[in-house]
Amino acid sequence: MEVRVQNIRKEFGRYPALEDVSLDIRSGELVALLGPSGSGKTTLLRLIAGLESPTEGTIFFGDEDASKKSVQQRNIGFVFQHYALFRHMTVLDNVSFGLNVRPANRRPQAAEIRRRALDLLELVQLSGLEKRYPAQLSGGQRQRVALARAMAVEPNVLLLDEPFGALDAQVRKELRKWLREIHDRTGHTTVFVTHDQEEALELADRVVVMSKGAIEQVGTPDDIYDHPVSPFVYGFIGQSNCLDVTLSRGEIWFEDRPIGLRAASEPDGPATLYFRPHDIELVDGCGCLAGLVTAGRRVAGTRHLEVSLGRTQPPVEIELPPERASSTDHSRVAFRPTRWKLYRGAGDVARGSVQAQSSGIELAPTGT
Amino acid sequence: MAPRARIRWQSRQPSVIPGFGLALGVTLTWLTLIVLIPISGLLWRSSGLGWANFFALAFDERTVNALAISFGTAFVAAIVNLVFGVILAWVLVRYRFPGKRVIDAMVDLPFALPTAVAGIALTTLYAPNGWIGSLLEPLGIKIAFTPAGIVVALVFVGLPFVVRTVQPVMEEIDKEVEEAAATLGANRLQTITRVLLPGLLPAGLTGFALAFARGVGEYGSVIFIAGNLPYVSEIAPLLIVIRLEEFNYAAATAIATVMLFLSFLMLLVINTIQSWSRRRYSNGA
């Protein structure tokens with residue numbers, strides 16, 4: 001079912017947790033709410049669920065105004081970070097709970113409830129464990145029970161609050177893939193909260209990046225990664241470097257020299273240059289960024305080098321193939337960003353611009 | 001025999017917590033001094049009676065009635081305490097209100113107050129001319145000097161047990177569990193009866209067992225309010241004292257032994273149920 005959040009504001013006491021948030025979630029979509037802690041992502045999820053009520057604004061499920069409905073009436077499935085299973089019930093009873101508590105006229109027959117619960121347990125790959133108690137399961141298994149329990153009520157929308165947050169890295173990865181498969185098979189509209197950008201980018205159809213109670217950007221993982229609209233998104237998603245630069249006659253200057261990047265349409269003045277560690281090329285000679293390699297570490301297939309560009313600037317990080325990096329350890333390195341973005345003003349998005357380089361990479365200016 | 005015994009002892013894994021031997025030794029010595037020696041003295045005395053004699057004394061009509069009253073009233077009082085103790089604990093855990101700390105402290109008063117004082121106070125209240133008794137009298141309800149009076153006194157002395165055993169467990173209930181029930185469509189009543197109360201069962205049973213055991217052995221508060229009519233409102237502990245005052249030590253010992261046996265049996269049953277339910281869903285999330 002389609003979910004529309006319109007101009008939601010939520011205050012806890014005097015403290016505003018969400019400010020004027022609007023979001024459309026399409027039917028059958030898998031959406032990630034991504035942000036650092038305190039960004040309001042969990043609050044937004046709980047508002048959709050009806051576990052909190054908004055100070056202002058409306059939430060629609062389809063064409064129906066859901067904001068006046070209680071959590072029981074909304075018919076949603078909610079999965080908690082710490083599972084919140086009923087520990088005095090068997091796995092089967094946990095999964096059947098939502099059907100068992102329905103009023104008699106809407107409750108399926110006992111045999112039907114059992115069949116559906118067993119089907120769901122098969123879907124979450126827990127067949128044969130239906131007689132166990134939650135205490136007898138591993139964390140990953142518990143979370144799968146929780147998901148089966150949430151899906152048993154055939155929810156309008158499935159909401160997951162940091163579903164993999166309490167699990168170790170290996171299990172997380174498995175469950176992530178598996179959740180995507182389940183979603184593709186069942187087609188529930190799904191919203192999940194995470195602070196793990198990798199999880200959000202890998203799993204979601206669309207990612208909603210949140211910060212300080214507001215939505216920063218909504219887009220596909222590619223959009224979010226390649227075209228971040230604000231310094232916050234640039235800094236929060238993936239690795240990035242930022243440098244204080246100056247614009248002069250369409251050229252970008254770092255400290256006392258031009259670095260070979262042009263932003264022709266930009267007015268003169270100070271700006272901040274953002275680029276990702278892997279979006280660089282090594283160059284010879286000048287008209288570039290240059291500095292001393294102060295540290296290097298090997299991360300998986302690449303070598304990460306820390307480069308000190310000057311005493312007043314924090315070091316930047318660049319990524320190189322290991323064979324190229326080995327020659328540059330503890331020596332001077334000269335490079336130039338190949339994809340980059342400029343932001344002007346006090347953290348506001350002014351204009352981003354990416355320009356075509358002599359290297360031939362096609363980079364169109366991106367205005368926002 | 002020896003090897004088998006050794007295997008059992010060693011089935012405890014080598015532990016990082018030292019001092020098992022010492023701690024167990026102290027525990028056993030202590031229990032022996034305080035509990036085992038007095039109880040075995042009792043058993044030894046009653047064993048001197050011979051079976052026929054013992055049965056005659058133990059199943060004397062007045063004794064059987066007294067035992068029935070003691071165990072019956074203690075059971076009813078423990079049930080009452082279970083219900084209201086859980087509600088009281090709920091209020092103390094869940095809500096914030098002025099005077100909460102005072103109420104929390106008041107729960108323990110029955111532990112501290114001399115039981116005789118409690119008995120006299122309750123008698124004054126519930127006697128036909130007392131504040132509450134005079135209100136109930138026109139309705140034909142008599143509390144003081146009937147088994148109902150005994151129940152009232154036992155409810156009073158047993159109150160803290162259920163509250164104090166249930167309270168910490170209740171504090172640990174995750175709010176998310178209730179929210180989960182709500183998202184699955186359970187209304188408030190269903191959440192309480194199907195999700196919350198079953199989780200409190202082991203703690204509730206412990207409190208019930210403690211309150212029950214306390215009630216069976218209670219003497220001081222009961223004798224004032226009970227009226228102590230033989231066959232009607234005479235409790236077993238009182239009958240023991242009466243027999244002692246008659247220098248009828250044999251009868252006193254016999255009653256005491258039966259009480260001991262019955263109490264042990266009931267506590268054993270309750271503890272078994274409890275450990276069974278605890279094993280089922282302990283340390284789960």
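pLDDT is the predictor's confidence in each residue, on a scale from 0 to 100. The structure is a predicted model, in which local features need pLDDT of at least 70 and side-chain atom pairs count only at pLDDT 80 or more, whereas totals for chains, interfaces and linings use all residues. Residues are numbered from 1 along each chain as its sequence is written, and chains are lettered from A and ligands numbered from 1 in the order in which they are written.

**Exercise 1. Determine which elements of chain B have the lowest and the highest mean pLDDT.**

Solution. Begin with the elements themselves: helices (H or I, at least four residues) and strands (E, at least two) are DSSP runs, numbered from the N terminus. For chain B as a whole the mean pLDDT is 86, with 93% of its residues reaching 70 or more. Among its elements, the lowest mean, 50, belongs to helix α1 (residues 2-10) of chain B, and the highest, 93, to helix α4 (residues 61-94) of chain B. Where pLDDT is low, the predicted coordinates should not be read in detail. For the model, the scores are ipTM 0.77 and pTM 0.76.

**Exercise 2. Locate A300(A) and N228(B), and decide whether each counts as exposed or partly exposed.**

Solution. A residue is buried if 20 or more other C-beta atoms lie within 10 Å of its own, exposed if 12 or fewer, and partly exposed in between, with C-beta atoms placed from the backbone. A300(A), in the loop between β16 (289-299) and β17 (302-308) of chain A, counts as exposed because it has 6 C-beta neighbours inside 10 Å. N228(B), in the loop between α12 (222-226) and α13 (236-245) of chain B, has 18 such neighbours inside 10 Å and therefore counts as partly exposed. Turning to the backbone, A300(A) has a positive phi of about 50° although it is not a glycine, and N228(B), also not a glycine, has a positive phi of about 55°.
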